[in-house]
Amino acid sequence: MESIGLKLHGKKDLRVESFDLPDIKEDEILATVVSDTMCMSSWKLAMEGEDHKKTPDHLAEDPVLIGHEFSGKILKVGKRWIDQFHEGENYVIQPNLARDDTPFVPGYSYPYIGGDATAIIIPPEVIELNCLIPFHGQAYYEGSLCEPLSCVIAAFNAQFHLIPHTYDHEMGIKRNGNCLILGGTGPMGLLAIDYALHSDRKPEHLVVTDISQEKLDRAKKLYPSDEVNVHFVNVNGLSIEEQKAGLKQLVGGNGYDDIFCMISVSPLVTMAGELLNADGCLNQFAGPMKKDFSAHLNFYNVHYNFTHVTGTSGGNAKNEAEAAQLIAERRVNVAKVITHVLGLDAAAETTMSQPDIGGGKKLTYTHKKFSRIELEKVDPKSPLGEILEKHDGLWSPEAERWILDHEPDMTEQDTVN
């Protein structure tokens, strides 16, 4: 079977190309990919090429498919799995296989499985590790966003606090506590806000910072709450001491029980440690680019105030299943993080340009050919624009159905990058 996909041949060398898939073995599954959302991890992968810990050697001779936030439909099931999976079933993938013997995962390491492709072969290890998950949501883009939401769920679950008068811990953010998300208006920060507001364990106060008033205003509009006191704070131009004072004032002069650093900036991480209450937990969510990244931490507080530090890198199969359920039940609206939509032919340039493009998630429809569209700049009088207007400018199952049935008329868009 022929597939078309985005393959990494080396550093900064991404190519959309056709290739033949071999016949599946009895322990494999053939599937189509309908949608894939982009992660900055794919940009890092493209920058590093063979130096990335998850890529095999000799990419020039054996390129890999990239993209790890994808959803699609099962086409053919190998004999081993016919009692578990069925043709025509929609699926999502948890790419973090969490194996001790190899770092290789879908979207980084394989020639025949990755999100930026029209068809893939799902290898047995993905299925054996429960990382192939049926999806019952309303749209494929929702399935694609299960993976990033699973990363947020993993981070929230990794928080820990002492059970009073013991050295045992209760996992998760402190119920009815103070929660701070530093740099929280990017796509992962927005998903963290959504999860904090709609999971079973909610804080009393949720504070989100950023340096862009436009992004903060958008987040405030998208995430109102009657149950949680939510504050969106612009820290642009403020010194660390000014930020600390202002953030404490928002929660009655107290500190925070849970802090998530969505950016890797040493002074901010140091400040986060200083803002923690006793028994507070700091989560370095953002993956630092530099291996020697460090920040100051008060070890007096580690000893006497039980300061906790943790970090998470991706979710697992259990987190992915929870994400799929939350999305299918409409408890979390992941469409709020999508700002751009594109066809597979625009995937290479968009992947490489993510830091410059800005905005939220870039959603690729792998069977379509059209240039990248910025949703905010779609002509409201165009067919797609009218659909967006019906849904407050957000992507939606209706918009997905339209895009799958049509080739967007670029002349009807105000701007297409």
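Mentor: A residue is called buried when its relative accessible area is under 20%, exposed when it is over 50%, and partly exposed in between, using a 1.4 Å probe and protein chains only. The model is predicted, so local features need pLDDT of at least 70 and side-chain atom pairs count only at pLDDT 80 or more, while totals for chains, interfaces and linings use all residues. Residues are numbered from 1 along each chain as its sequence is written, and side-chain values use heavy atoms, with hydrogens and water left out.

A salt bridge here is a side-chain nitrogen of Lys or Arg within 4 Å of a carboxyl oxygen of Asp or Glu. The whole structure contains 14 salt bridges. One of them joins Glu-69 to Lys-361, with 3.0 Å between the closest N and O atoms. Glu-69 belongs to the loop between β4 and β5 (70-77), and Lys-361 to strand β18 (residues 361-365), so this pair ties together parts that are 292 residues apart in sequence. Helices (H or I, at least four residues) and strands (E, at least two) are DSSP runs, numbered from the N terminus. Glu-69 counts as buried because its relative accessibility is 1%. Lys-361 is buried as well, at 3%.

A second pair is Arg-331 and Asp-200, whose side chains meet at 3.1 Å, N to O. Arg-331 sits in the loop between α10 (317-328) and β17 (338-343), and Asp-200 in the loop between α5 and β12 (205-210); the pair therefore ties together parts that are 131 residues apart in sequence. With a relative accessible area of 66%, Asp-200 is exposed, whereas Arg-331 is partly exposed at 31%. Arg-331 also forms a salt bridge with Glu-329, at 3.9 Å between the closest N and O atoms. Glu-329 is partly exposed, at 41% relative accessibility.

Glu-28 lies in the loop between β2 and β3 (29-37). Although buried, Glu-28 has no salt bridge, and the nearest side chain of opposite charge, that of Lys-25, is 4.8 Å away. The Glu-28 side chain does, however, reach the backbone nitrogen of Lys-25 at 2.9 Å.

Definitions and conventions:
Lys and Arg count as positive and Asp and Glu as negative; His and the chain ends are not counted. A polar contact is a pair of N or O atoms within 3.5 Å; within protein, one must be able to donate a hydrogen and the other to accept it, and residues adjacent in sequence count only if both atoms are side-chain atoms.
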